[in-house]
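Please read the points with the structure open.

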Amino acid sequence: MGDPPRVTVSSEGGEESVRVHDDSGTVETDDAAFSFSVDGLSSADGSDDESAGAGDGTDGDADPRRICAADAVPADGTLRCEARSGRRGVEFILHRRGDAVVAWRNSCPHEPEVPLDTGGGAIVRRDSIVCHKHGAQFERDDGVCTHGPCAGDALDSIRVAVEDDAVVLTDERFESARRLD
């Protein structure tokens with residue numbers, strides 16, 4: 001099965017983009033909401049098999065907040081992941097700087113539906129992660145845009161930490177995370 005669909009809601013007050021793992025719900029931003037219901041997409045018995053694949057998939061009892069081994073995160077690229085809250089997911093990227101790992105939502109602030117990493121790693125040049133569509137350059141340490149149409153904006157941070165040589169999701173907005181690549 002392919003990646004779950006991405007739903008983006010845009011309004012004057014902002015934009016929110018999430019992956020949808022169920023057949024009904026609502027996606028909201030400051031002053032707009034998108035409610036949806038799609039019949040026939042849930043499993044016949046009503047069971048939810050989406051819990052499989054949490055973490056890095058090493059075993060069924062693994063910590064759902066464990067994403068991957070720290071040394072699996074590239075210093076010269078990014079690794080695509082997904083953070084989940086309930087049955088909704090937000091795609092994000094991991095990037096390693098020495099022993100530290102940073103994470104940001106996988107979207108350009110200029111056009112949030114444009115991912116920085118489309119698969120295979122985002123463009124990394126010197127001290128910047130570069131948007132493949134707009135050429136916007138984001139500092140690798142803090143995600144601030146230093147050049148391009150969104151100069152001065154910053155990537156949306158997702159909190160992670162390195163614990164026992166593993167990258168772990170510490171962002172309270174989410175319950176679990178998994179590696180997509």
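A residue is called buried under 20% relative accessible area, exposed over 50%, and partly exposed in between (1.4 Å probe, protein chains only). By that scale R97 is partly exposed, with a relative accessible area of 25%. The model is predicted: local features need pLDDT of at least 70, side-chain atom pairs count only at pLDDT 80 or more, and totals for chains, interfaces and linings use all residues. Residues are numbered from 1 along each chain as its sequence is written, and side-chain values use heavy atoms, with hydrogens and water left out.

1. Salt bridges. The criterion is a side-chain nitrogen of Lys or Arg within 4 Å of a carboxyl oxygen of Asp or Glu. The count by this rule is 8. Three of these pairs are taken up below.

2. R97 and D127. Their side chains form a salt bridge, 3.8 Å from N to O. R97 sits in strand β7 and D127 in the loop between β9 (123–125) and β10 (128–130), so the bridge ties together parts 30 residues apart in sequence. Helices (H or I, at least four residues) and strands (E, at least two) are DSSP runs, numbered from the N terminus. D127 is exposed at 51% relative accessible area.

3. D156 and R105. Here the closest N and O atoms of the salt bridge are 3.6 Å apart. The pair links distant parts of the chain, 51 residues apart: D156 in the loop between β12 (145–147) and β13 (160–163), R105 in strand β8 (residues 100–105). R105 is buried, with a relative accessible area of 11%. D156 is partly exposed at 44%.

4. R159 and D171. Which of the two is buried? D171 is, at 0% relative accessibility. R159 is partly exposed at 43%. In their salt bridge the closest N and O atoms are 3.5 Å apart. R159 lies in the loop between β12 and β13, and D171 in the loop between β14 (166–169) and β15 (176–179), so the bridge ties together parts 12 residues apart in sequence.

5. A network. Salt bridges that share partners join R97, D127 and D141.

6. H95. This residue belongs to strand β7 (residues 88–97). H95 is buried, with a relative accessible area of 0%. Its side chain makes a polar contact of 3.0 Å with that of R140. Such a contact is a pair of N or O atoms within 3.5 Å; within protein, one must be able to donate a hydrogen and the other to accept it, and residues adjacent in sequence count only if both atoms are side-chain atoms.

7. A negative patch. D63, D71, E163, D164 and D165 gather on the surface in a patch of negative charge. Patches take residues with over 30% relative accessible area and no salt bridge; like charges are joined within 9 Å, nonpolar side chains (Val, Leu, Ile, Met, Phe, Trp, Tyr) within 5 Å. D71 lies in the loop between β5 (66–69) and β6 (79–85). D71 is exposed at 66%.

8. Backbone check. Please look at D164 and D165, both in the loop between β13 and β14. Phi is near 50° at D164, a positive value in a residue other than glycine. At D165 phi is near 65°, again positive in a residue other than glycine. D164 is exposed at 80% relative accessibility, and D165 is exposed at 64%.

9. D76. The loop between β5 and β6 also holds D76. D76 is exposed, at 65% relative accessibility. How far apart are D76 and R126, in sequence and in space? They are 50 residues apart in sequence and 8.9 Å apart in space, C-alpha to C-alpha.

Conventions
Accessible areas come from the Shrake-Rupley method with a 1.4 Å probe; for residues, only the protein chains shown count as cover. Lys and Arg count as positive and Asp and Glu as negative; His and the chain ends are not counted. The place of a charge is taken as NZ of Lys, CZ of Arg, CG of Asp or CD of Glu.
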